[in-house]
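Below is a short note on the structure, written as numbered points. Please read each point with the model open beside it.

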Amino acid sequence: MIDASVFRTEPWLVREASLDLDVLAQSESVFALGNGHLGLRGNLDEGEPYGLPGTYLNGVYELRPLPYAEAGYGYPESGQTMINVTNGKVLRLLVDDEPFDVRYGTLHHHERVLDFRAGTLRRTVEWASPAGQVMRVTSVRLVSFTQRAVAAIEYEVEAVGDPARIVVQSELVANEPMPLPDNDPRVAAALMAPLVGEDHGTQRDSGATLVHRTGHSGLRVAAAMDHIVDGPERTDMFSESSPDIGRVTITSVLQPGQKLRVLKLLAYGWSHIRSRQALWDQVAAALTAAVHTGWDGLQAEQRQYLDTCWSRTDVELEGDPQMEHAARFGLFHVLQASARAERRAIPAKGLTGTGYDGHAFWDTETFVLPVLTSSRPEAARNALLWRHSILPAARERADALGHTGAAFPWRTIAGEECSGYWPAGTAAFHVNADIADAVLRYIDATEDTDFEAKEGLELLVETARLWRSLGHHDEHGHFRLPGMTGPDEYSALGDNNVYTNLMAQQNLRAAAELARRHAAEAGRLGVDEDERMAWQVAADAMYIPYDAELGVHPQAELFTTYRVWDFENTPPDRYPLFLHFPYFDLYRTQVVKQADLVLAMQLRNDAFTDEEKARNFAYYEALTVRDSSLSAITQAVLAAEVGHLDLAYDYLSEVAQMDLGDLHHNTRNGLHMASLAGVWTVIVAGFGGLRAHGGRLSFAPKVPDGISRLSFNLWYRQRNLCVTASAGQAIYDLRDGDPITIAHYGEPVEVTPNDPVKLPIPPLPTRPPPSQPPGRAPARRIPPGGEEARDS
């Protein structure tokens, strides 16, 4: 776990005031930069030491074997792993022939600052070489939001005290040594040196280009660099290249107080179809544009882009600056994972590390896209267009499994299923309904009729066909979905998982409605009236289990009849359970890894009464151990809805600290995009009470003790709405767009531009606090004001 003192809380910055090599890999993830196309981990400029080297291009992967002890029909034969491509971050410094290395000499000062508004990573260092030469080094790094292929580094060296002979080696490096990804030697061999050199060369004395191809997936990657140097009169520069290294060497002598400034410009591109020469020319053109823009221009463009983003998404939490800071940190990284992805996936770890092999899961649609739909809808659209682009592979997968429609993969990069464990992979068919849910949310928020009639319709049609194929009508007419795995990975292959059935029901109904609304387009997809009505009938007859004796919904049929897990005799060091107990035991007991039925209540809140929500929440709270980073998000939202504000606040803190505090001990492999987005979700959907139904936004704001005022912005149907809540009052301020009718605690309210509406917040219902499994309650959130703030 990262000590809380490592990263200082400032409104718009993450500041690391000193270098701790013990958490270097974690800080590399925290300080990662990206734009959805290109990602740079926060490795030190000099390349060493490192925790995990990382330069990533969205969609660039290598194939690797998926070994099985026993083969089975329909098992995926190969996996896909995001690879570290050519590293252009490296700027090695030699001072009087001694390399600048933080492990040697004396490090007087070391600070790194991630700026959410500037979109930059700044590093300042004062270091004395073993011989006593003192140097100041400053670097500023950015990955451009406006010029998709471009990254830039301003690197400045200053001599302090004595003259110094300086050499800067700026490099492109392919096939860097990497930590072994797996104990299986076949996997390690496939990923050890994934790039095969195709071409290399230099441009004048200031640049170099490398072109590589992946050995098995057949993807071509190009990286290029150029430099602008400002230094003393006798400053020399020359370039050289080989298949895996491009290098520009800059030499100079600095007098005390003199500076050498190097602007390094980088451009990246990749393709599975374009020629070597075409990619070479592409990155050369991107570099030319970056040179034309210049460093000041790139920074100005970056700031302007982010100013626009923050005007739509910023959150304020008066009274708890740490949670406010965590929310902005999360929003910034979600933007970096998606802004320029442009029909590529949003991986579960973004482009911050190789955790989960760089795969995208259902997390994207369920946890990340709600944020983007309400702030950068074009990014949400692009993520859905990526799903549409892999429809051919999803149709093939459904056909291979003996079903109609499209079966989207549980985890993937390029569209093919990469999960080798089918009970928690292929059987988790709910991913298809999650995609449909994201489609509907996007259409509702944007009124994008072109997308609705084309890609949106086709996604809904193909997923509805899958559900109709997977289920059947029983002798009572109920439509049943047996053998499904829901979001909870401690339960598998259950009959009529409530979450899956409700989400499939929504999927079927929406497909039937859109096929009616766009009859001609649906006809071109082969939809006739009989098929459309079959979807409607299945949706209307969907079986939703209910345990009348307990007064709760079972997570899946018969779930409430299972033996409850022996929590009392499970010590803290045996969590997470899946690392210490066989799945066979987990699958046969009442224990929940992550919110499942509770997530159904959030996403299909129309299907439950208020009292059902309260009873269900209390029942599942006592069974949920949160061995998944996803769970606390949903538990916080529902805790707030049913009136347990203190508990929701505690869960908010857990979500916020997932990566900044390294709660699951895997931040070194990248940040959790769902948790980063989840901070916003807890604030907006939990404490703000946001729900969207049929073109209307509904709010039920409430503020926990410890926060005196919360405020958030939404972009909805070309309107920018700001919602502010304090202990007794909510304010709705329409800052841009036409008048809008919303609901405040169920009552319709019209909000017009520049005329804020102030409404009272009613008291919350009083309910007994729920209990968690022994030792699994969230840590109590104590805001900066101390215990008094929670008890006032």
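Predicted model: local features only at pLDDT ≥ 70, side-chain atom pairs only at ≥ 80, totals over all residues.

1. Start with strand 8 (residues 91-95), where the side chains alternate between two faces.

2. Which strands pair with strand 8? One of its partners is strand 14 (residues 164-173), which runs antiparallel to strand 8 and is joined to it by 5 bridges. Within this pairing, L94 has V167 of strand 14 as its bridge partner. Strand 8 is also joined to strand 9 (residues 98-99) by 2 bridges, again in the antiparallel sense. There, P99 of strand 9 stands opposite L94.

3. Strands 8 and 9 make a hairpin, with 2 residues between them. In the turn, D96 has a positive phi of about 50°.

4. Another part to look at is an open sheet of 10 strands, in the order 1-2-10-11-12-13-20-17-16-15, with antiparallel pairing. Its edges are strand 1 (7-10) and strand 15 (195-203), each of which pairs on one side only. From one strand to the next, the twist averages 15°. Helix 4 (residues 321-338) packs on this sheet and touches strand 1, strand 2 (13-16) and strand 10 (106-115). The direction of helix 4 makes about 100° with that of strand 1.

5. Inside the sheet order, strand 11 (residues 120-128) and strand 12 (residues 134-143) form an antiparallel pair with 8 bridges. Within this pair, E126 stands opposite R136 of strand 12.

6. How many aromatic pairs does the count give? The count comes to 20 aromatic pairs. One of them is Y68 with Y75, a tilted pair with 4.9 Å from centre to centre and 45° between the planes. Both partners are partly exposed: Y68 has a relative accessible area of 28%, and Y75 has one of 27%. Y442 and F451 give another geometry: their ring centres are 5.2 Å apart and their planes stand at 80°, so this pair is edge-to-face. Here Y442 is buried at 4% relative accessibility, and F451 is buried at 0%.

7. Aromatic residues can also be followed as a group. Y356, F361, W362, F367 and W410 make up one aromatic cluster.

8. Two arginines lie over aromatic rings. The charged end of R312 sits over the ring of W715, 4.0 Å from the ring centre. R574 lies over the face of F581, with 4.9 Å to the ring centre.

9. How many disulfides does a search of the whole structure find? The search finds 0 disulfides. A disulfide is a covalent bond between the sulfur atoms of two cysteines. For C722, the closest cysteine sulfur is that of C309, 17 Å away, which is too far for a bond. C722 is buried, with a relative accessible area of 2%. C418 is buried as well, at 4%.

10. A25 is part of helix 1 (residues 24-30). Is A25 buried or exposed? With 4% relative accessibility, A25 counts as buried. Leaving out residues up to four places away in sequence, A25 touches R41, G51 and R668. A25 and L52 are 27 residues apart in sequence, and their C-alpha atoms are 5.9 Å apart in space.

11. L690 lies in the loop between helix 18 (673-687) and strand 26 (691-693). L690 is buried, with a relative accessible area of 14%. Apart from neighbours within four places in sequence, its contacts are V684, A685, L697, S698, F699 and L714. For A398, which is 292 residues away from L690 along the chain, the separation between C-alpha atoms is 35 Å.

Terms used. Residues numbered from 1 in each chain as written. Heavy atoms only, no water. Phe/Tyr/Trp six-rings, centres within 6.5 Å; stacked < 30°, edge-to-face > 60°. Buried < 20%, exposed > 50% of the residue type's maximum accessible area, 1.4 Å probe, protein only. Lys NZ or Arg CZ within 6 Å of the ring centre and 35° of its normal. Helix = DSSP H or I, 4+ residues; strand = E, 2+ residues; numbered from the N terminus. Contact = heavy atoms within 4.5 Å. Pairing = 2+ DSSP bridges. Axes fitted to C-alpha atoms, helices over the stretch in contact; angles between N-to-C directions. Disulfide = S-S within 2.5 Å.
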